[in-house]
Amino acid sequence: MTTGYNFAYLNEQTKRMIRRALLKAVAIPGYQVPFASREMPMPYGWGTGGVQVTASILTPGDTLKVIDQGADDTTNAVSIRKFFVRTAGVATTEETEKASIIQTRHRVPEASLREDQILVYQVPIPEPLRFLEPRETETRKMHALEEYGIMHVKLYEDIARHGHIATAYAYPAKVNGRYVFDPSPIPKFDNPKLDDCAALQLFGAGREKRIYAVPPYTKVTSLDFEDHPFSVQKWEEPCALCGSTTTYLDEIILDDKGKRMFVCSDTDHCRKAQEKAA
Amino acid sequence: MYVAVKGGEKAIDAAHRLLGEERRGNPDIPEITTTQIGEQLTLAVDRVMTEGSLYDRELAAVAIKQARGDLIEAIFLIRASRTTLPRYGYSTPIETSDMLIRRRISAAFKDMPGGQILGPTFDYTHRLLEFEASETPAAPVETGPADLDRTMPRVLDLIGAEGLIEAASSTSGEPGDLTREPLAFPADRDLRLQSLVRGDEGFLLALGYSTQRGYGRSHPFAGEIRYGEVAVSFTPEELGFEIEIGAIDITECEMINQFKGSAGVPPQFTRGYGLSFGQCERKAMSMALVDRALRVRELDEEQTAPAQDEEFVLSHADNVQATGFVEHLKLPHYVDFQAELELLRRLRREAQGLDQEAAE
C-alpha cells in the first residue's frame, strides 16, 4: 500500500462532499446531483466519476471487484483495481458473490446482486437528453418539468425509419416513475437488471460532475411504446466456452476469413458456469 | 481457437517500463534535470502552472520532464497532484497595479506615465534559427533605468477617470470557486474568468482569433499588457491581519473594446480581462478577447458566434477534460460495439428482406 496519501486517495473533506451528493442522489432517484468532481490521477473518461464514488464509500473491510466490458482482466479494470489496492489496501476479488463493492464500466454482472452489495457505474455522459438538446440550461428545465417529449419523439422516429428503436446501449429508462436517466453505456440487455435490484446502484460522472443513484428495489422502466415493447439483444448461438444462452456475448474474430465465435462478456460468470459443467 | 485476453496486468507493467525507457532516451546522452527545465524552458513551465492551476515552478518542471515534454500531460499531472493538497483558505486579491514591472506595453497610447517597457519578448525578433544560440554565453544585459522599480499605474485606470470606459466590475460578495463547486449555467463573470484562466491556450487562441475575424467581433485594442512580480498575501484567521507569504510572476492583459451602447447605457469602451501565471502572454490576450465576447448577456448584445456562447466555450475549454474524453476512445468498447453490430445486422437483414419483397 502506498503511504503519503489519505485512505483511498481523496481527503476526508472531499469524501464528505461526495457522500452528501450521494445521499441526495439516493433521496431523489435518477436525479443528477452536481458535485465538485476532482482531478484524479487517471484521465477523465477512464472512470474518474466511478473512482471518486468508490473512494468515498470504501471502508477497510470492503472487498472490491472492478470490471470493464464485464471482465476483470481488461486493462482499465486492472488499473483501477490496482489503484485501490495501492491507496486503500482493500481486499479485491473477481467473484461477483464475494464483492461488497463492484465498480463497473459498460456492464452489469450476470449474477443477481444482493442487498449488502453496491454497484458503482462509470458514466461518460450522464444527461440522457444531451444528444437531443446539447444545452444544460435547457435539459435541466426539461427534467424539472418532466418534459420528456423529445425523447419519445426520437424513439418514435427510430421506429418510423428503421422499424425498431435504434438504441442498442445507454438505453434511456425512467426511475421511480419520475426522472428519465442514462443507465451509462451498458447494453440495453442489462437494463432489466436495474429494475427492482436488491443492491444500491450509484452512478458517477467525473468530467461532467454529476452523481445519481437508483436505490435498492426501485422501479426502473426502459422507455418504449405499447405496440413496440422494449426488448433485449439475442444471439443465435450459445457461448462457445460455457454454453450459456442467457448471457451477453462478445464477438471474437478468429481469422481473416470471417470466422468468429461468441463468448460471455462476464468472465467471472462464464468461468463459474464452466466449472459447474466440468 | 479462442485466446483469452489475459495478462492485462503484466502488459500494463511492461508498457510502463518501456515508457520509462523511452522517456530517458539514449542513456549516452546526459539526462536533463528539472532545474534546467525550470531555468531554460520557462514558458513551458509558465503554461503548465497556469493551466494546471498551481503556482509551483519546481513541480511544473518535474511534470514536464515526466510527461516527456507533452504539456497537456504535464498539466494533468499537476492537476491530479493539486487534488491531494489541503486548502487553508484564500489569499487576499493580488494588486496588479503594485506589480514590479518586467514588461509593460500599451497599444492604445504612444506613451503614458511609466512608459513602454519591452522586457523579455519575442515580438521583434527575426524568426531565424540560431544554430549557435545554445553555445553562445549571452552577454549580461545592461540593467534598466532605476525607475523600473517603482510601480506603474494601469493604463485603463488612466482613461477610466474620464468615464470613457466602464468601471472594472467588482461583483459584490464572495467570488465563486470553480474547483469547489461545479460550474452551473448561466455562469457569472467570476466563474467564467476562472474557467478561462485554466482553459486550453490553443482553444482560447482559436476562439479569440475567431472574434477578430468577425465571429462575435468586439473591436479590441490591447490597452495594456503587463508582466512582472506581485506579492501574495494571506490573512490567517487566528492572526486577523494580512501577511505577505510570497510573490508570483503573472501576466495581465486588459483589452479595450468598442461598445455602441444599449437602451440604458451610453456608448463607451468596455473591458476584456486576461490573466496568467508567468509570461503566458498569448494566453492572457486570448483570454481577454474571449472574456469580452462572453459578456453578451451582461451588455445586452446579440449572441451570434461560438465565442459568445458560454456553454459551448466553458464546457470545452478545459484540456484535461477534453483530452481525457477524446483519448478514452482507446479504451475497450466492445460490449457497446457488439450491441451496435447486432442492431445493424438486424436492420440490414430486414431492409434486404423488404427489398426482396418489393422485387417479387
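This passage describes the two chains of a predicted model, the contact between them and a few local details.

The account begins with chain A. Its secondary structure is made up of seven helices and 12 strands. The C-alpha trace of chain A spans about 60 × 55 × 35 Å along its principal axes. A compact globule of 278 residues would have a radius of gyration near 19 Å, and the 19 Å found for chain A agrees with this. Of the 278 residues of chain A, 58% count as buried, and the chain exposes about 11500 Å², with 53% of that area supplied by carbon and sulfur atoms. Contacts between residues at least 6 apart in sequence can also be sorted by their span: in chain A, 61% of them join residues at least 24 apart.

Chain B comes next. Its secondary structure comprises 12 helices and four strands. For 360 residues the globule rule gives 21 Å, but the radius of gyration of chain B is 26 Å, so this chain is more spread out than a compact globule. Its C-alpha atoms fill a box of roughly 90 × 65 × 55 Å, taken along the principal axes. In chain B, 40% of the 360 residues count as buried. The accessible surface of chain B is about 21100 Å², and 56% of it belongs to carbon and sulfur atoms. Among contacts in chain B between residues at least 6 apart in sequence, 65% join residues at least 24 apart. The 38 positive and 60 negative charges of chain B have mean positions 3 Å apart.

The two chains also meet each other. The size of an interface is often given as the accessible area lost when the parts come together. Here chain A and chain B bury about 4600 Å² between them, with 57% of it on carbon and sulfur atoms. Glu39(A), Trp46(A) and His164(A) supply 13% of the area that chain A buries against chain B, more than any other three residues. In total, 65 residues from chain A and 48 residues from chain B take part in the contact.

Some local features of chain A are worth a look. Thr54(A) lies in helix 2, which covers residues 48–57. With a relative accessibility of 0%, Thr54(A) counts as buried. Beyond its neighbours within four places in sequence, Thr54(A) is in contact with Leu64(A), Phe84(A), Ile101(A), Gln103(A) and Val120(A). Two further residues of chain A have positive phi values without being glycine. Tyr9(A), with phi near 75°, sits in the segment before helix 1 and is buried, at 6% relative accessible area. Gln69(A), with phi of about 60°, is found in the loop between strand 2 and helix 3 and is buried too, at 0%.

In chain B, helix 3 runs over residues 42–52, and nine of its 11 residues are buried, so the helix is largely enclosed by the rest of the structure. Its buried residues include Val45(B), Val48(B) and Met49(B), as well as the charged Asp46(B), Arg47(B) and Glu51(B). Just after this helix, Ser53(B) takes a positive phi of about 55°. Elsewhere in chain B, a cis peptide bond with omega of about -5° joins Phe185(B) and Pro186(B). Pro186(B) belongs to the loop between helix 6 and helix 7.

Notes: Residues numbered from 1 in each chain as written. Chains lettered and ligands numbered in written order. Predicted model: local features only at pLDDT ≥ 70, side-chain atom pairs only at ≥ 80, totals over all residues. Heavy atoms only, no water. Helix = DSSP H or I, 4+ residues; strand = E, 2+ residues; numbered from the N terminus. Rg over C-alpha atoms; globule rule 2.2 N^0.38 Å. Buried < 20%, exposed > 50% of the residue type's maximum accessible area, 1.4 Å probe, protein only. Contact = heavy atoms within 4.5 Å. Areas by Shrake-Rupley, 256 points an atom, 1.4 Å probe, with all protein chains shown as cover. Charge placed at Lys NZ, Arg CZ, Asp CG, Glu CD. Buried area = accessible area lost by both parts, 1.4 Å probe.
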